[in-house]
Amino acid sequence: MKVAIASGKGGTGKTFVTVNLARSHMHPLVVLDCDVEEPNSNLFLTGELVARHRYSIMVPQVDGDACNGCRICADTCEFNAIAVIAGKPLIFEDLCHSCGGCAVFCPQEAMTEVPHEIGTITIRQAGTVRLVEGLLDVGKALAVPLIRAVKNYEKSTEGRTILLDAPPGTSCPMVWTIGDCDAVVLVAEPTAFGLHDLQLAVDTVREVGIPFGVVINKDGLGDARVAEYCQEAGIPILGKIPHDRQIAQAYANGDMVVDSLPQYRRLFVQLWASIEHLVFSKGGSHG
Amino acid sequence: MKVAFTASGDTLESAFDSRFGRAEKFIIYDMENGTFAVIDNGQNFQAAQGAGIQSAQHVVASGAQALVTGHLGPKAAKVIFAAGIAAYHADAKTVGEAVSMYKSKALKPMRDADVEGHWV
């Protein structure tokens, strides 16, 4: 079972829900932190470092002697990553999507693909939780290839449950994270901004066609419009986490709420049951 | 000598566009005889990414030896300077005004990009 924890708005509690769900699961499981621009599950899921390696994408390199400046590479590139000036290609690695088209179509065979580092993948073991995290280098713009590399670790997870901490927003990084999941949990806060961005996220998840439900975090803050919207739109509310100062304190201390505030353990155990219901009964909102 | 100006319309009366990569048009003004040609940059106006690079290639292809614009990002600057084109910063209301400023040598040359790149 593969479940993504996502939201439209940032700061609604994706990581909070992810790490506490992970801790309250009965069996060993895997957390993939796909929020590669700001991965922070590691602040809570602390543990032994298992492995760490740099991640590279392939980008073109020009052999200046072989190149005759024909411009086919620049015309092939759909991403405007190559300009040919004074008979020489200029390559903009930041814009390259590693499609390899320029190398394939170069009549002079002057283009070769070489590795270009964009981030780091770190694997930790925090108790029964295996955490795989991607961290994009500062100044790099391409989150999706690194997210794909993090998700590639699914293959070695031996059928264990996988939780994916998704990046905020509804653009490519979020869509790639949730793409092949069995269910999506959308974490929303009951405010005007929370409702607005939840609606964007709902539109996105419906388009992708995955069962989903909503967790209302900081319930009691703001108003009831998020709950009313879910009811009207036929979206199951999987759980409500109260707006409780104790939770904020525990979180700010880097503690797991399910450890330090046992009264909330039940909430996360019930949330697991709701998620399983969503996956196995396909009873969620499809669209 | 031809000079490229970023414009939002087809005439010298049209507004000077301070943006380079996503300028709507380029007016290529011939300093010798006072005539000009217009290059439509609409495709890059809407480009998802790399608008500055493509726009810079338009300017290079136009044969212009100088560029007058508001701001230049790092990727566009790389292409412009690689082509040996001189870039000037202007703070003008119309293209005609920018042309006069260029003629009276009132414009500051740009040695490098003056704004950061941005991501979609």
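In the predicted model, helix α4 (residues 143-151) of chain A lies across strands β2, β3, β6, β7 and β8 of chain A, and its direction makes about 160° with that of β7(A). Helix α1 (residues 14-23) of chain A lies across β1 (2-6), β2 (29-33), β7, β8 (162-165), β9 (183-188), β10 (212-219) and β11 of chain A, running at about 160° to β8(A). The strands concerned belong to an open sheet of nine strands with mixed pairing, in which the order is β3-β6-β7-β2-β8-β1-β9-β10-β11 (chain A). Its edges are formed by β3 (48-62) and β11 (237-242) of chain A, each of which pairs on one side only, and neighbouring strands are turned by 20° against each other on average, direction ignored. Within this sheet, β6 (residues 111-126) and β7 (residues 129-136) of chain A are joined by eight bridges in the antiparallel sense, and T120(A) has L135(A) in β7(A) as its bridge partner.

Chain B contains an open sheet of six strands, again with mixed pairing, in the order β3-β2-β1-β4-β5-β6 (chain B). Strands β4 (residues 66-69) and β5 (residues 86-89) of chain B pair in the parallel sense over four bridges, with A86(B) in β5(B) as the bridge partner of A66(B). Helix α2 (residues 51-62) of chain B packs on the sheet, where it touches β1 (2-7), β2 (25-30), β3 and β4 of chain B and makes an angle of about 25° with the direction of β2(B). Helix α4 (residues 95-103) of chain B likewise packs on the sheet, touching β1, β2, β4 and β5 of chain B, with its direction at about 145° to that of β1(B).

The contact between the chains takes 15 residues from chain A and 14 residues from chain B. About 1,200 Å² is buried between chain A and chain B, and carbon and sulfur atoms give 67% of this area. Of the area that chain A buries against chain B, 46% is supplied by N80(A), I85(A) and F92(A), more than by any other three residues.

The largest nonpolar core comprises 78 residues, of which V184(A), L186(A), L198(A), F20(B) and V59(B) touch the most other members. At least three residues of this core come from each of domain 1 (2-47 + 127-280) and domain 2 (57-117) of chain A. Another core, which lies apart from it, has 35 residues, including L131(A), V258(A), L261(A) and L267(A).

Key:
Residues numbered from 1 in each chain as written. Chains lettered and ligands numbered in written order. Predicted model: local features only at pLDDT ≥ 70, side-chain atom pairs only at ≥ 80, totals over all residues. Heavy atoms only, no water. Core = buried A, V, L, I, M, F, W, Y, C linked by side-chain atoms within 4.5 Å. Buried < 20%, exposed > 50% of the residue type's maximum accessible area, 1.4 Å probe, protein only. Domains from an automatic or database assignment. Pairing = 2+ DSSP bridges. Helix = DSSP H or I, 4+ residues; strand = E, 2+ residues; numbered from the N terminus. Axes fitted to C-alpha atoms, helices over the stretch in contact; angles between N-to-C directions. Contact = heavy atoms within 4.5 Å. Buried area = accessible area lost by both parts, 1.4 Å probe.
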